[in-house]
Amino acid sequence: FLFRKNFMADFFYPFKVLLLIFRDYKWKIALLACLSFISSMLAAVGIGAVVPLLTFFVGGDGGGEMRSATGAIMRYFEYLPFPLTPVSVIITIVAVFFLRAILLIFLSVVSVRIRSEYRRSTKTIFLDRLLSASWPFFTRQKIGHVTDTLMRDVDVTSKLIEDAVNIILSVSNIVVFAVMSFWISPNITIFAMILGISAAAFFQKIWRQGKEIGAALLLLSKETSQLLAEHMIGAKTVKSLAVEEAVHRRGVEYFKRGEDLTTKSGILSALYSVATEPLTILFISGVFLFSYFSSEFDLGVFAATLIFVQRIFVYFGSAQLSFHVINEKISSATHLIEFEKSISANPEKVDGKRQFSFRDSLSFENVEFGYVSGSNIFSGINFSVKRGEMVGIVGPSGSGKTTIADLSMRLVEPSKGRVF
């Protein structure tokens, strides 16, 4: 029970995050799902039309299962407005696959438009909310982390819609081809589905490894961006203190860790890519040997079922690979959700009702301030600066000079006292 619970949690978690991320595009995603199902039906029609032709070439009508499936498929072709001949069936197959290709192109266009619109709107919203965030929140952000979030995380998350669409398309094809295969040979189809589900359960640990690698790459990417940003901005200080070698060593360490994680990710992707083919060969070989020595073996049934089962495994492998990509990159989407919540929770307070005007003086009256509650930087600050006067504030580093300037501009509010 615990295994099943963990398996379902691992499987559905990325999709819950994607539904939350792309909640504003639910109708377009529903359109993609419908187009994927129609595409699968067209593929089933095209490949299903091969069954009667296959029966003709392997000879005879085949067994009872084959005759039933062939008759049912041929009855559908009788609705065509031209005579049913091998040539007309082949032309129909070609036309169906051309129509499916056009549908897939349209599906890709919709997917690309969702990606483009999501990137533009998300970056715009984040930029607006950052500029409207409170000053204390703003000062706690690292420039490298924010840049990486707006540029890398948004782009990575937008690309996940393509993998999600591929999963929808693959699952639709699996369902349709499984129904067609079950129609011809229920036993072989059931064995194929059991093998596919078992393989998915086997890959559960790899899912978790991919997720951990993705989270590590996310954090490393932000730290690397921060390293480059802060040392490029502070290049004069780096050179003045002659610490280029230390910065270089730190950067090389980040690059090496990044390459190690990327290599591990590539190995997992390769495993997903190549694992399906051996499973398919083993399954087909086992079924053939079992069926061959059976008294009810029929080459026509076996060959027709083989076509559908092979397509099932192809789409299963494609869905597995797309799920691996989503599972590994989902940490970027999760970070965007958390970042959006943190920005929304720290808006800049706009309490004033009149436009700022420095008419007479700026005064501090018994002002206390601390960035952390209970730990003040200073207290009991009292002074007044008249308009036109020039005042210098001196003191050691960390004594609060910049904070007084921030209080004067009302970027932060005093813990006690008032500024007026």
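A salt bridge is a side-chain nitrogen of Lys or Arg within 4 Å of a carboxyl oxygen of Asp or Glu. Keep that in mind for the opening stops.

This is a predicted model, in which local features need pLDDT of at least 70 and side-chain atom pairs count only at pLDDT 80 or more, while totals for chains, interfaces and linings use all residues. Residues are numbered from 1 along each chain as its sequence is written, and side-chain values use heavy atoms, with hydrogens and water left out.

**Stop 1: salt bridges**

Select E230 and R250. Their side chains meet in a salt bridge, 3.8 Å from N to O. E230 sits in helix α9 (residues 204-233) and R250 in helix α11, so 20 residues separate the two in a pair that links distant parts of the chain. Helices here are DSSP runs (H or I, at least four residues), as are strands (E, at least two), numbered from the N terminus. E230 is partly exposed at 34% relative accessibility. R250 is also partly exposed, at 34%. The cut-offs are these: buried means under 20% relative accessible area, exposed over 50%, and partly exposed in between (1.4 Å probe, protein chains only).

Next, select R418 and E365. They form a salt bridge too, at 3.3 Å from N to O. R418 lies in strand β3 and E365 in strand β1, so the pair ties together parts 53 residues apart in sequence. R418 is partly exposed at 43%, and E365 is partly exposed at 35%.

Now pick D148, R152, D153 and K222. Salt bridges that share partners join these residues into one network.

Move to E162 and R115. The closest N and O atoms of this salt bridge are 2.5 Å apart. E162 is in helix α7 (residues 143-184) and R115 in helix α5 (residues 86-131), 47 residues apart. The whole structure holds 14 salt bridges.

**Stop 2: a nonpolar patch**

Select F182, I190, F191 and I194. Together they form a nonpolar patch on the surface, with about 390 Å² of accessible area. Patches are made of residues with over 30% relative accessible area and no salt bridge; like charges are joined within 9 Å, nonpolar side chains (Val, Leu, Ile, Met, Phe, Trp, Tyr) within 5 Å. Areas come from the Shrake-Rupley method with a 1.4 Å probe; for residues, only the protein chains shown count as cover. Helix α8 (residues 186-202) gives the most to the patch, with three residues. F191 is found in this helix and is partly exposed at 49%.

**Stop 3: the largest pocket**

About 1300 Å³ of space lies in the largest pocket. Of its 34 lining residues, the closest to the centre are F356, M409, R410, E413 and V419. A pocket is an open set of points on a 1 Å grid over the protein atoms alone where a 1.4 Å probe fits, with protein on both sides within 12 Å along at least five of seven lines; lining residues have an atom within 4 Å of a point. The volume is the space filled by probe spheres set on the points. Select α6 next: it gives the most to the lining, with four residues.

**Stop 4: positive phi**

Stay on R410. Its phi is near 60°, a positive value in a residue other than glycine. Most residues other than glycine have a negative phi. R410 lies in the loop between α13 (401-408) and β3 (416-419), and is partly exposed at 44%.

Finish at A242. Its phi is near 55°, again positive. A242 is in the loop between α10 (235-240) and α11 (244-292), and counts as exposed at 56%.
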